[in-house]
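Let's take a walk through this one together, from the overall layout down to a few individual side chains. Have the viewer open and follow along as we go.

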Amino acid sequence: MLHSHILFTASRRDLSPGLFEADPDNQRRQTRRKMMSRARALFIGLLVSLGMLLVGFDSWAVDRDKLLSDPGVYGTFAAYRVDADWARLEQSARIAHLTALKGVIEQYREKMAIDLYLLRGLSDHADILFRVHATELKDSQQFLVDLQASLFGKFLNTVAILHGLTKKANYVPGFPEPMKNDLKAPSESGPYAIVIPIRKDAEWWSLAHDKRAAMMQEHTAAALPYHKTVKRKLYHATGLDDFDFITYFETAKLDDFQSLILALQQVKEAKHNRRFGNPTFIGTVKSLDQLIETLAQ
Amino acid sequence: MLHSHILFTASRRDLSPGLFEADPDNQRRQTRRKMMSRARALFIGLLVSLGMLLVGFDSWAVDRDKLLSDPGVYGTFAAYRVDADWARLEQSARIAHLTALKGVIEQYREKMAIDLYLLRGLSDHADILFRVHATELKDSQQFLVDLQASLFGKFLNTVAILHGLTKKANYVPGFPEPMKNDLKAPSESGPYAIVIPIRKDAEWWSLAHDKRAAMMQEHTAAALPYHKTVKRKLYHATGLDDFDFITYFETAKLDDFQSLILALQQVKEAKHNRRFGNPTFIGTVKSLDQLIETLAQ
Amino acid sequence: MLHSHILFTASRRDLSPGLFEADPDNQRRQTRRKMMSRARALFIGLLVSLGMLLVGFDSWAVDRDKLLSDPGVYGTFAAYRVDADWARLEQSARIAHLTALKGVIEQYREKMAIDLYLLRGLSDHADILFRVHATELKDSQQFLVDLQASLFGKFLNTVAILHGLTKKANYVPGFPEPMKNDLKAPSESGPYAIVIPIRKDAEWWSLAHDKRAAMMQEHTAAALPYHKTVKRKLYHATGLDDFDFITYFETAKLDDFQSLILALQQVKEAKHNRRFGNPTFIGTVKSLDQLIETLAQ
Amino acid sequence: MLHSHILFTASRRDLSPGLFEADPDNQRRQTRRKMMSRARALFIGLLVSLGMLLVGFDSWAVDRDKLLSDPGVYGTFAAYRVDADWARLEQSARIAHLTALKGVIEQYREKMAIDLYLLRGLSDHADILFRVHATELKDSQQFLVDLQASLFGKFLNTVAILHGLTKKANYVPGFPEPMKNDLKAPSESGPYAIVIPIRKDAEWWSLAHDKRAAMMQEHTAAALPYHKTVKRKLYHATGLDDFDFITYFETAKLDDFQSLILALQQVKEAKHNRRFGNPTFIGTVKSLDQLIETLAQ
Amino acid sequence: MLHSHILFTASRRDLSPGLFEADPDNQRRQTRRKMMSRARALFIGLLVSLGMLLVGFDSWAVDRDKLLSDPGVYGTFAAYRVDADWARLEQSARIAHLTALKGVIEQYREKMAIDLYLLRGLSDHADILFRVHATELKDSQQFLVDLQASLFGKFLNTVAILHGLTKKANYVPGFPEPMKNDLKAPSESGPYAIVIPIRKDAEWWSLAHDKRAAMMQEHTAAALPYHKTVKRKLYHATGLDDFDFITYFETAKLDDFQSLILALQQVKEAKHNRRFGNPTFIGTVKSLDQLIETLAQ
């Protein structure tokens, strides 16, 4: 394993000189690299698992499902750009830093739910996104402060930090029974995650509750056809940042997601969106090991 | 103490090599580090207190309460991002720089009130915030100039500087007696602090005083239910920066704070907010020692 | 060849000293360089082709035409600025990095369509643009992630990433037959490519379908005179980024393109463009070898 | 003197080690530093005056008062941020660079009026501001080009350059006599200076002259109560930058200045301000020596 | 010459030490430097001319006047900021790089018209501006790509690139004869140049041609009084960047230019400017040698 790793970085290193003297071995090396990039993934995976053995926290102590479903929970979305210097580090250093990162995350997963997303290649303003659920916002702050203080964190530039509070559905109680039932059906989650912050206009807030309830019923009816294939979660942001809502989506069918957003743009309530997106974050859900593997390359 | 400190930085240093040769001691070292991070906090605390003994100003000479309650006082909000190079300094250098910082702050606390906030992890555009109250704005300038000239200050990038003047309540005199009494009740302060600058539209300023007074009474009535759990302070900014007001909030109950902002968005006066936030600063109140400890890590 | 290359870089190197002692050879050297810059192009071309022999993927396995014409395909536009450090690299290093880049692109061309554009000199915010067509957006992400992880990619700063989904024409079915036929005629493509993202206003989306169809028919009629000389392609972006559409144009006659845009600004539908461009990307279509040659210089 | 200077930098240097061995001398050193920072100011002052003796221009040849009062003079406001590298220079180098700066400024003061302001600590987007009055804008350009070419100038990042032309009062001739007389009274100047650029809306410019005159009379009446304590100067910027006016204020009573701006926001003419500030520059008037002393620290 | 050059850089170098030992020679050296800065200008001029002899292109082959007067020509405005590292180069290196720049420009002047402007000191967002006229936009791209690939170009950061197409006057044919004649009179050019890009609103484009023609006649009538002292040139930008027009002005009388812009803001057509300037570029026309001299210092 370690040996193959050395071979790999070696083969990578003499790629450029390899261009100037005609190199018969290069063809073979190409094929070798292909196999190896798979081998490498395994190798890194093993290294970080090994790292975890050493770090050895018993993670997932917290009831993740409760945090993700209960009202009164703070959701924090922290997007970062990875500094250019990171790519210039020795891979061994990168792996060490990432193992330290894993330690920090596992430690905090004891009291909060932490989800990870790869934005690079899909979003232009950030590379990675953390979604943190905690009952106290200062716990999320402590996590992100320790994250930035970690060896890996020193290479992170903060792009955006958004916060929202989960609440009991505001208008649903007044909805007709069948609609309520439809909303109870489970939604499929998927590799794609999209975060769209929204700010309403002053007029929206000045409307009577029943007026808003009626518009939200129209909004919900328009969204229902996509309830099964697009998972949605709503966070109330007013006062915690410059938005009123953070809307979070997960799906395997991006075309359904797009149809959903188009449907939501056609209802009256949409006219009260002073700001919709700007920024929009789009990426893919990753496990910690998957994210580490990408960042280690 | 000093010894444990050396041990600590040592243990940190050989973390990465520790990954490649399977390391039996590492398990133990992990546990040791846990204890040590607590030890370290104490250690740093001691160092800076020691530093203070050496610096030895008699602080708090100024009547802080008067500055925080009187009209005619200038409040300055200065937000900074800590330069990436800071994290790459030797910890001993960081501690020395921070002790010098402590000296500067203590010196100025003789004539002004200085409050500190940690924004990192909650706000995306800045790491720390200073709130300065002084009777002359040029004193605040002198403090911030000396702050930036300090060894630590050379690592600070100015993100935002906002100013406002405290004034006698503008509309309250015309409010009904019970409302006036309610406003006299004390508010709880809390770990969370939020700063929201506001700019009104041209129409607002062209309204007759009684019209504005009526709207502000509606505004105040909407805010009263949260008077106990959310502390508010108002600064008049017009002309001193690009805002008309800087609203400052402190609370232990962020959900009450959010309900307060929602309530304030629903009154007529809210329609005259041309700009509300952008930026919004959210962070936690810190003592100088707490802030130094965070920055030293 | 290699020799002439050495001569070239040599002649370049002693240009500055050459200024201080009057240098009789310099005149000759100037003429020599002219010939050589042509020679150099050939030389680089050869090097990268050689590189490709070594890398040796069989490219174009994917049915490019289908990806470029079918509905349900995701088009990703990724614009990058080349880091200033790139220009400071040894040319040999640059060539090696670019050959690695060629390897990455050829590998992915097995399953997606990748087009390249040179923006430098025509657009101010980016140097190069990739247009990627794939049936799954996560494949495009994987390509762009590997691109950034490549030796060349470490010098790329992401400027913008826009996504859109191709769909069956929305309104055309209702158009009169002659118009439908005209739309079937082929369009000439050309060296110039322009990307203009568009965001519609809330009112547009709230209009009934037939109202929008009527406006789009007027829009199409205004565009038809330029159908032959300006190639257009439409991507539906809603929800995937902060735009509703990404409009892509290719032409050899920029004045016709300009007349087209002017015509489109004069129809009713144009009043519903909340954002048109900002940014607008304008550049020239390049083959991979042409782009590599430009970046190698 | 020189000796005390060496002592000073010495005492500064061993501040950090001084923290680790308990240091009895430190107490004394603290007090010493206090005296010395005063001593240092004197010392720097002497150095630069000495520098000036060596540079030795006879400054103030130009009739400064005429430039500041005549119509047809161009006022340029150039705001700069001092580069972070500046703070890392040896103090001796800083002093040398600043003396060179002083030379450049004194040289140009022969033909133009140059005023200096410290923005650091009060404005967030710039550290220093130059106000230049000249009869030809290309003279101001030559000064600022030479300023940037100076040893100190290489550390300046241009933040904003605004230009305006002074003109004979546009509407005053039509004002009632008493108002005209009041306007002739002198205004006190003060340590505070504020620069607020303004852009009017299209409607304002389309109004008939008498309509604008009437509004400007209301504007002037609202401003008169603050005429004595707040000095104002108006520059016509249209076409020279992205504003229509640059309004300049000087005062010792910031609360009067704020009342003035509030009063001006309440008149009809204020509704035609499409942009007011953004940026607003606030700082303190400094002599060249005072500014140099601040920058030398 | 060379000798005086060495003296010069020498005298510059020991400026700072010169401050610490009282230096009797310094007075003399000051005067010497004054003479020398003039000598230096000559010296650099000679060096670059010498450089040109060596480069030796026969420039101005292209019919510059035709390019500047014909319709169907593309005008490109490319604004750059010079990197801070440039100022830190040895002057000899700077001169060499600039001579190479001169070579590139002379080469391209064989097929396009290239004008140069110094923005530094007058505009805050860029230092230099190139105006390029070519019959094919891809030729302008090739020039700017080669410019950036030159030794000097590596120190240029692209700030803005705007394009416009010259066209036959759109509305003039319908103007009354006397107005047409007045428009035929020549305009004075001179040292000042201003570039103001404009974007019209959707309503403008939806107006009937005769409505726009009537407004443009009012616009032209308002501009005529300044026709003699302010030279104007119009470029049609729609689709080529985010503007509809790029308006270019040259004048020796900036006050006339300002009166012109004020006059143009007062006609109905001005209400259809959605964006006017932002950015506005203001600078002075420079010959290549003048620009090189400024950049060499």
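The C-alpha centres of domain 1 of chain A and domain 2 of chain A lie 25 Å apart. Domain 1 of chain A covers 64–166 + 290–296, and domain 2 of chain A covers 172–283; these bounds come from an automatic or database domain assignment.

A quick word on ground rules. This is a predicted model, in which local features need pLDDT of at least 70 and side-chain atom pairs count only at pLDDT 80 or more, while totals for chains, interfaces and linings use all residues. Residues are numbered from 1 along each chain as its sequence is written, chains are lettered from A and ligands numbered from 1 in the order in which they are written, and side-chain values use heavy atoms, with hydrogens and water left out.

Now zoom out to chain A as a whole. Chain A has 11 helices and nine strands (DSSP runs numbered from the N terminus, helices being H or I with at least four residues and strands E with at least two). Of its 297 residues, 57% count as buried, where buried means under 20% relative accessible area, exposed means over 50%, and partly exposed is in between (1.4 Å probe, protein chains only). Take the contacts in chain A between residues at least 6 apart in sequence: 80% of them join residues at least 24 apart. Contact here means heavy atoms within 4.5 Å.

Back to the domain interface. On the domain 1 side of chain A, 20 residues are in contact with 19 residues of domain 2 of chain A. Between them the two domains of chain A bury about 1,700 Å², with 71% of it on carbon and sulfur atoms; buried area is the accessible area (1.4 Å probe) that two parts lose on being put together, summed over both. Within domain 1 of chain A, the residues losing the most area to domain 2 of chain A are Phe77(A), Leu162(A) and His163(A), together 30% of what that side buries.

What about polar links across the interface? Between domain 1 of chain A and domain 2 of chain A there are eight residue pairs in polar contact, both at pLDDT 80 or more. A polar contact is a pair of N or O atoms within 3.5 Å; within protein, one must be able to donate a hydrogen and the other to accept it, and residues adjacent in sequence count only if both atoms are side-chain atoms. Strands E1 (74–82), E2 (113–118), E3 (128–134) and E4 (156–165) of chain A each give two or more residues to the domain 1 side that touches domain 2 of chain A. E4(A) supplies the largest share of that side, five residues. By type, the residues on that side of domain 1 of chain A are 12 nonpolar, seven polar and one charged, with Ala, Val, Leu, Ile, Met, Phe, Trp, Tyr, Cys and Pro counted as nonpolar, Asp, Glu, Lys and Arg as charged, and the others, Gly among them, as polar.

**Following the charges**

Side chains of opposite charge can pair when their charged atoms come close. Over all chains, the whole structure has 77 salt bridges, each a side-chain nitrogen of Lys or Arg within 4 Å of a carboxyl oxygen of Asp or Glu. Across the interface of domain 1 of chain A and domain 2 of chain A, however, there are zero.

One salt bridge to look up joins the side chains of Asp289(A) and Lys102(A) (2.2 Å, N to O). Asp289(A) lies in helix H11 (residues 288–296) of chain A and Lys102(A) in helix H5 (residues 91–108) of chain A, so the pair ties together parts that are 187 residues apart in sequence. Asp289(A) is partly exposed at 33% relative accessibility, whereas Lys102(A) is buried at 7%.

In chain D, Asp115(D) forms a salt bridge with Arg131(D), with the closest N and O atoms 3.2 Å apart. Both Asp115(D) and Arg131(D) are buried. And for a network of salt bridges, look at Asp85(B), Arg88(B), Asp85(D) and Arg88(D).

Finally, find Thr76(E) in strand E1 (residues 74–82) of chain E. Thr76(E) is buried, with a relative accessible area of 1%, and its side chain makes a polar contact with the side chain of His163(E) (2.9 Å).
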